[in-house]
Amino acid sequence: MKIAIPVNDKSLENGICQSFGRAPYFLIHDIESKENTFLNNSAATSRGGAGVKAAQMVADNKVGALLTPRCGDNAADILRIANIKLYKTEGDSIEDNIKAFNEGKLSLLMDIHPGFHDHGGR
Amino acid sequence: MKIAVLSGKGGTGKTLLSVNMAVVGDNTTYIDCDVEEPNGHLFLKPKGVIKEKVAVKIPVVDMSLCNGCQKCVEFCKFNALAYINNKLIVFDNICHSCGGCVLVCPEKALTEKDKIIGEVQKGVSQGTNVLSGILNIGEASGIPIIDKLLAEEPKNSQRTIIDCPPGSACIVMESIKDADYCVLIAEPTVFGVHNLNMVYELVKLFNKPHGVILNKCLEGENPAEEFCIKNNIKILDKIPFDNELGTLNSNALIAARESLKYKKMFSEILGKIVEEVQHEAIVNP
């Protein structure tokens, strides 16, 4: 199975991005082969609906789970339909969270926020 | 003659000035374009109100025709469409109703349906036509409601006062686009100058004739006045910081209807603006 994580940079060193939809990159990690791939998130600079586009991209990459600090409701709708499970990351470290996921220590992300669709939020 | 009243923030006196100017002249229409929080009707208390819903178009998909090409998903600049598990999903709350997805669909699988986003209310307050727009809570854009309001202006109306939303965003641009003159209303503070500058830049960008009313004026320095002098902006009038005026307004009363003193004050302000508009019409026809 592959998992996706929103990350700040194309590296394992610079941490998990606090935003899902507007994260600059996604790490796609294969938990069997340990192979890492970084995707440019084209949604990061979109005018609106970044979460929708980012979720579409994650779903198109056939991942089984998304590890993220937060997620908006539109993106969560898409991920649910795509049968992608959402897990809440703990701390900034990418490697620690992959390890915690593999050991079954991450909890499911339950607090889906209502999104910031009104042009920057209020 | 269409006169728009605007300011960079709320609470500077747009509605105070608008409703008072709307009742001192004959054959006047008041339009409340602040569709996110309309309050002009609280002062004017119009009678015989007719309500009309305002709808926008939202795409609907016929999955029996959709071949999953995702051309619509790629087209949508607002990412209101997603294609997951062989199913097209439409996010109504992000859709900007441009209709582009319907045009690009090669299979004609997309059509449009109406989505109600608010309403327009029309009534009369002692001879003044009152039009208010109301955007439903949670909707992203009130622009279709403003379009409808401005199109509903009665033909026989001699003068229209457009009470704009605060700020200088799209919704304000839409409100002033047909205005003959823009009145900027400002508070005598440094913060007031910042807000005045926002709308000043907007009316310059739109090439609209404009002037400033300085509201809540006290003795002593007035940064907004200094800003106008420095930038050579016409100061139309000054409204003093006045407890009596503030009290009437706080009780949802229209000062010009309550006392001759205020009727005279707002008639004079309106007179100066009308003179400016006519002057503009001669100088820049």
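How many bridges join strand β9 of chain B to strand β10 of chain B, and do they run parallel or antiparallel?

Reply: Happy to take you through it; please keep in mind that this is a predicted model. Strand β9 (residues 181-186) and strand β10 (residues 210-217) of chain B run parallel and are joined by 5 bridges. One pairing you can pick out by eye is that of A186(B), whose bridge partner in β10(B) is L214(B).

In chain B, 9 strands form an open sheet with mixed pairing, in the order β3-β6-β7-β2-β8-β1-β9-β10-β11. At its edges are β3 (47-61) and β11 (235-240) of chain B, each of which pairs on one side only. From one strand to the next, the twist averages 20°.

Two helices that pack on the sheet also touch your strands. Helix α1 (residues 14-24) of chain B contacts β9 and β10 of chain B, along with β1 (2-6), β2 (28-32), β7 (128-135) and β8 (159-163). The direction of α1(B) makes about 165° with that of β8(B). Helix α8(B) packs on the sheet as well, touching β9, β10 and β11 of chain B. Its direction makes about 160° with that of β10(B).

Helix α7 (residues 190-205) and helix α8 (residues 223-230) of chain B pack at an angle of about 40°, and their axes are 8 Å apart. The two helices, α7(B) and α8(B), are therefore oblique to each other. On the α7(B) side, V190(B), G192(B), V193(B) and L196(B) take part, and they meet P223(B), A224(B) and F227(B) of α8(B). By class, the residues of this contact are 6 nonpolar, 1 polar and no charged.

V73(B) counts as buried because it has 21 C-beta neighbours inside 10 Å, where 20 or more are needed. Leaving out residues up to four places away in sequence, V73(B) touches L81(B), A82(B) and Y83(B), and also Q56(A) from the other chain. The C-alpha atoms of V73(B) and C101(B) are separated by 7.7 Å, although the two residues are 28 apart along the chain.

Terms used: Residues numbered from 1 in each chain as written. Chains lettered and ligands numbered in written order. Predicted model: local features only at pLDDT ≥ 70, side-chain atom pairs only at ≥ 80, totals over all residues. Axes fitted to C-alpha atoms, helices over the stretch in contact; angles between N-to-C directions. Helix = DSSP H or I, 4+ residues; strand = E, 2+ residues; numbered from the N terminus. Parallel < 35°, antiparallel > 145°, perpendicular 65-115°, else oblique. Contact = placed C-beta atoms within 7 Å. Nonpolar A, V, L, I, M, F, W, Y, C, P; charged D, E, K, R; others polar. Buried ≥ 20, exposed ≤ 12 C-beta atoms within 10 Å, placed from the backbone. Pairing = 2+ DSSP bridges.
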